[in-house]
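Visitor: I am new to this structure. Could you walk me through it, one question at a time?

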Amino acid sequence: METHRDLPTKAISFCLLPSELIQYIILQLALPEIIRLKSVNKSIFSIISDGDFVRNYNLQSSSATWLFLYKKRWRREAILYGFADCSNRWFNILISDLLKQVVPPGEDVYFLTAAGNIFLFALNNSQEVISVDIMIRMVKKIPPSPLGPCGTSSWRRSGMKLLSCPYNSEHFRFLFAELHESRPTLFEYDSRVERWKFTQAREVTQELRDDFIFLSASNGRNGSVIIGVLSQCNSSPVVIRPTFITRGNEEDQLAVGFSWGNAIDLLHVYGDGNMMTIRSDKVNKTVRKIKRIELWGLSKNGRHWEFVSRAPNELIDKISKPYGAMMGCMQKTQGITRAILMTNLEGTWETIWLSYNKKDNRWAWLPLPDCNMKGSNLAGVTFSSGLTLS
């Protein structure tokens, strides 16, 4: 029989509660908290490992959207933070000890993307990519892609997508779009066979399907090159070339994905076949404030970017603060487009979570608590689907 002699008093009291009540309490927790609870004692471990509990938790968590930030300080441990749209606080994801298994001292680690329990990181010095399964605590190096070794700057956020396997959460597919030898090409890594393959995209000849996954091969002032592919394996990718007609002052300075300095009037952020334009006004020589945000989507035939909606002025008034630099990422799931804008002013980071529901034609702002980012370097940010118990 298990002894509680060495357990804290609170843990002993918790374990004495009826198992149904314990299950109800644990179901209200986020996965990072549940992972820590598994090590409390055998009785709690058995509750969390029970098949019915796992199914109930995964069903509940499937609708959650997570935001993950990876920050690091000079000569200090890097930290991965997670925030779910159904919670009201940040969670510290225990990742450092896992990374040490394969990451040599002094390596520059950058967080690429996540899906389910799988997280991908790029190593800038060795130019490798590693996958981390935070649930089973497994770390693996991914073989070099056909593109060869890639530094962290080579991985464009809007050009990649991580897909977790629906029948086995330990496996995944990693998709990346690139102009290879001037031709739009889809590169895909499948963890089940631990191999890459690449396929040149063909020109689209019909209207775009609703179940396409869109990956940006390149984006510019007047247009983009995007690859569309169906989520199932072995589907042939197509290339889409939407054009964009600039509105307003044609002399505006444009940045794609990241802006820095007082010369940038317009920032374009891309993701999942959408484009968000953020126009700013100058406050002084080095500081700007957001003036207008617009959302654009692909037309049905994919030939141009089509205006969708403009964020209301009252929302802009709430989020517009002085900044010196800005970067962003986007995700679209189940008709809702979400965007994260990370702004920095003199070492202080602000995180802006916006969403647009096309069905209701409604914009929303999700205020986030402080993540203690002051003085830190942002080494990756992404949206992800709900974490699951396996």
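Visitor: Which residues are exposed on the other side of α5?

Guide: This is a predicted model, where local features need pLDDT of at least 70, side-chain atom pairs count only at pLDDT 80 or more, and totals for chains, interfaces and linings use all residues. Residues are numbered from 1 along each chain as its sequence is written, and side-chain values use heavy atoms, with hydrogens and water left out. Buried means under 20% relative accessible area, exposed over 50%, partly exposed in between (1.4 Å probe, protein chains only). On the other side of α5, the exposed residues are Arg55 and Leu59.

Visitor: Why do the buried residues of α5 lie on the same side?

Guide: Helix α5 spans residues 51-61, and its buried residues are Phe53, Val54, Tyr57, Asn58 and Ser61. Helices (H or I, at least four residues) and strands (E, at least two) are DSSP runs, numbered from the N terminus. An α-helix has 3.6 residues a turn, so residues three or four places apart point the same way.

Visitor: How many residues of β6 are buried?

Guide: Strand β6 covers residues 128-133. The strand is mostly covered. Of its six residues, the buried ones number five.

Visitor: In which sense do β5 and β6 pair?

Guide: Two strands pair if DSSP finds at least two bridges between them. Strand β5 (residues 118-123) has six bridges to β6. Ala122 stands opposite Val129 in β6. The sense is antiparallel.

Visitor: Which residue takes a positive phi in the hairpin of β6 and β7?

Guide: β6 also pairs with strand β7 (residues 138-142), antiparallel over five bridges. Ser131 faces Lys140 in β7. The hairpin has four residues between the strands. The residue with a positive phi, near 55 degrees, is Arg137.

Visitor: Which element gives the most to the lining of the largest cavity?

Guide: On a 1 Å grid over the protein atoms alone, a cavity is a set of points where a 1.4 Å probe fits but cannot get out; lining residues have an atom within 4 Å of a point. Pro32, Ile35, Arg36, Asn92, Ile93, Leu94, Ile134 and Arg137 form the lining. Two elements give two or more residues to this lining: α3 (31-37) and β3 (91-93). With three residues, the one that gives the most is α3.

Visitor: What are the edge strands of the open sheet of four strands?

Guide: The strand order is β12-β15-β14-β13, with mixed pairing. An edge strand here pairs on one side only. The edge strands are β12 (202-203) and β13 (212-219).

Visitor: How many aromatic pairs are there, and what is the angle between the planes of Phe172 and Tyr189?

Guide: Rings of Phe, Tyr and Trp (its six-membered ring) pair if their centres lie within 6.5 Å; planes under 30 degrees apart count as stacked, over 60 as edge-to-face and the rest as tilted. The count of aromatic pairs is 22. Phe172 and Tyr189 form a tilted pair, 5.9 Å centre to centre, with an angle of 45 degrees.

Visitor: Are Phe172 and Tyr189 buried or exposed?

Guide: Phe172 lies in strand β9 (residues 168-180) and Tyr189 in strand β10 (residues 183-190), 17 residues apart. Phe172 has 5% relative accessibility, and Tyr189 has 4%. Phe172 therefore counts as buried, and Tyr189 likewise counts as buried.

How values were computed. On a 1 Å grid over the protein atoms alone, a cavity is a set of points where a 1.4 Å probe fits but cannot get out, and a pocket is an open set with protein on both sides within 12 Å along at least five of seven lines; lining residues have an atom within 4 Å of a point.
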